[in-house]
Amino acid sequence: MNDAELQKIIDELHIYEKKVLKGLESEGYEATPEEIVKSQNMDIKSVMSAAGILESRGLIKVQKDVQDIISLTDNGKQYAEQGLPERIILKSLNLKNSIPMKEISKETGLNSSEVKIAMGWLVRKKWAVINKGIIEITDEGKNAIGKEANDEQFLTKLLEMQQILFLEPSKILKTGYNLLKQRKGIINVKKDVNYLLIVTDDGEKILKLGVDLTPTATQLTHEQLKTGSWKSLKFRSYDINAEHPETFPGKIHPLTRIIEEIREVFLNMGFTESSGNILESAFWNFDCLFQPQDHAAREMQDTFYIKNPQHSKLPADDLVKRVSDVHENGGTTGSEGWQYDWDREIAKQSVLRTHTTCVSARFLSEKKPPLKMFSVGRVFRRETITYKHLPEFHQVEGIVAAEDINYKNLLGIIEEFYHKLGFKVRFRPAYFPYTYLSTECEIYLPEKESWIELGGSGMFRPEVLEPLGVETPVLAFGLGIERLAMLKLGITDIRMLYKSDIGWLRDLPVTDGIKLK
């Protein structure tokens, strides 16, 4: 660095950073923080803070030396003086060769906890074996009489020295220390941290150029402005291009944010929100939606059936009877139904709901039109996990029931809904089991110059409405939220929404998501 660059750095230094540099200069370019505290009349916290900043600027190096200081606890002192529990038992065994387990406490004066620990170490050190409730001394145990083991030698050394600075221990001491570390309440280990501050080449250049300890101002006061004394102040320089720490503000998960924004669209359109049970009966999930009991979607490979509770309670008998009649012969709808014998036991099966339409069915059975309702919730299907399928995902659905409502109203409401989400929409014919005049909704993606299917809709069939006691037309529409989220977030793998990839989540803008109009 040239002199101009060095002077720029000097002007940006805080007074504490300058004092630390001057202190190092007086100590021959290296010193401990404690020496700087004494020579510059600073507190240790200020010295260490300034040292960290100086190191980040490359003006000094901070060497850190961590050492273990080991000392005895009160229990450790007792064991060092009287012997470890296994040593006490070994002395008794040396006199009798064997002792029944139940008599150990009486023979040695050790409590049950100490006996339990001692037995483990006796066996581990091969001093004794346990045979049918009898403790017997081994040859290794006899040879250990009068000889200190490694852990005992370490205890004796600690008792003599009070504490040991563990720098370069001998093999015996190190082995003894490792053994005692495995036992609780015998030794204390305290970290002794020492720092050494060393001036770098750039730091020496700055000191040779000259560091002025004249206090610098960082802000102006009302009094200084009033009296004009600010004119004689020396101001500290700031580097507006200096690096700053990267921060990651807390934010809502993008999938949750999109769900909340969809809820806001529905609420602004005058809809009422409803929620249902994740655990549902096959009756509400399938039967009342006019889905035959032998339909492929009801097989085990498509639906999660629950073992406990295996069966769910059915609603009132009159509703069950009307649904049964619709399945068997069409009831009073004019339909022929499915022409089979409807099974009440199949309808009682417990399932994890496969769609949120069961929420709509329950709502229609309890509320009288006119009504506008939406629901958002998790649904479950036996899907193989891939980049575009999950066995658990979110679905949102809306229904409108009123006199004289028709298919044109359905298209208009859907168009307004997607418009509020920021999409241009078009429709094409489709088939869904419980609606007629069904349609799929496609939205336009300008960046891809293409249309993509995003949701389905239709008018509920009479076979769905009449058993529920609904005499007005009902339109319904919905979409999968994960698919919408993938489009909005620009991802091609649905698993990204649930991976908790911290890098991806941090990079997402806080305000990203659906832009409401």
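**Sheets, packed helices and aromatic pairs in a predicted model**

Strands E11 and E12 pair in the antiparallel sense, and ten bridges join them. The model that contains them is predicted. Within this pairing, Lys 372 has Val 400 in E12 as its bridge partner. Strand E11 is also mostly covered, since eight of its ten residues are buried.

These two strands belong to an open sheet of seven strands, whose order is E8-E11-E12-E16-E15-E14-E13 and whose pairing is mixed. At the edges stand strand E8 (272–273) and strand E13 (425–429); each has a single partner strand, so one side of each is left without a neighbour in the sheet. The partner of E8 is E11, and the two pair in the parallel sense over two bridges. Here Glu 273 stands opposite Phe 374 in E11. Elsewhere in the sheet, strand E14 (residues 435–445) and strand E15 (residues 450–460) are joined by nine bridges in the antiparallel sense. Glu 442 faces another glutamate in this arrangement, standing opposite Glu 453 in E15.

Helices pack on this sheet. Helix H14 (residues 254–268) lies across E8, strand E11 (371–380), strand E12 (392–401) and strand E16 (474–480), and runs at about 0° to E12. Helix H19 (residues 407–420) also packs on the sheet, where it touches E12, E13, E14, E15 and E16; the direction of H19 makes about 30° with that of E16.

A pair of aromatic rings is described by the distance of the centres and the angle of the planes. The structure holds ten aromatic pairs. In one of them, the ring centres of Phe 266 and Phe 417 are 4.8 Å apart and the planes are at 35°; the pair is therefore tilted, because stacked rings need planes under 30 degrees apart and edge-to-face rings need over 60. Phe 266 lies in helix H14 and Phe 417 in helix H19, so this pair ties together parts that are 151 residues apart in sequence. Phe 266 and Phe 417 are both buried. They also take part in a cluster, in which ring pairs link Phe 266, Phe 271, Phe 374, Phe 417, Tyr 418 and Phe 477.

Arg 506 is placed over the face of Phe 248, at 3.9 Å from the ring centre.

The cysteines can be treated briefly. A disulfide is a covalent bond between the sulfur atoms of two cysteines. The count of disulfides in the model comes to zero, with a pair of sulfur atoms required to lie within 2.5 Å. For Cys 358, the closest cysteine sulfur is that of Cys 288, and the distance of 8.0 Å is too far for a bond. Cys 358 is buried, with a relative accessible area of 1%. Cys 441 likewise counts as buried, at 1% relative accessibility.

The loop between E11 and E12 contains His 389. At 33% relative accessibility, His 389 counts as partly exposed. Apart from its neighbours within four places in sequence, His 389 is in contact with Glu 383, Thr 384 and Ile 494. Between His 389 and Leu 475 there are 86 residues of separation in sequence and 28 Å in space, C-alpha to C-alpha.

A further open sheet has three strands in the order E3-E5-E4, with antiparallel pairing. Strand E3 (98–100) and strand E4 (128–131) are its edge strands, each pairing on one side only. From one strand to the next, the twist averages 20°. E4 and strand E5 (residues 134–137) pair in the antiparallel sense over four bridges, and Ala 128 stands opposite Ile 137 in E5. Helix H6 (residues 85–96) packs on this sheet and touches E3, E4 and E5; the direction of H6 makes about 110° with that of E3.

Definitions and conventions:
Residues are numbered from 1 along each chain as its sequence is written. This is a predicted model: local features need pLDDT of at least 70, side-chain atom pairs count only at pLDDT 80 or more; totals for chains, interfaces and linings use all residues. Side-chain values use heavy atoms; hydrogens and water are left out. Two strands pair if DSSP finds at least two bridges between them. Contact means heavy atoms within 4.5 Å. Axes are lines fitted to C-alpha atoms, for helices over the stretch in contact, and angles run from 0 to 180 degrees between N-to-C directions. Rings of Phe, Tyr and Trp (its six-membered ring) pair if their centres lie within 6.5 Å; planes under 30 degrees apart count as stacked, over 60 as edge-to-face and the rest as tilted. Buried means under 20% relative accessible area, exposed over 50%, partly exposed in between (1.4 Å probe, protein chains only). A charge sits over a ring if NZ of Lys or CZ of Arg is within 6 Å of the ring centre and within 35 degrees of the ring normal.
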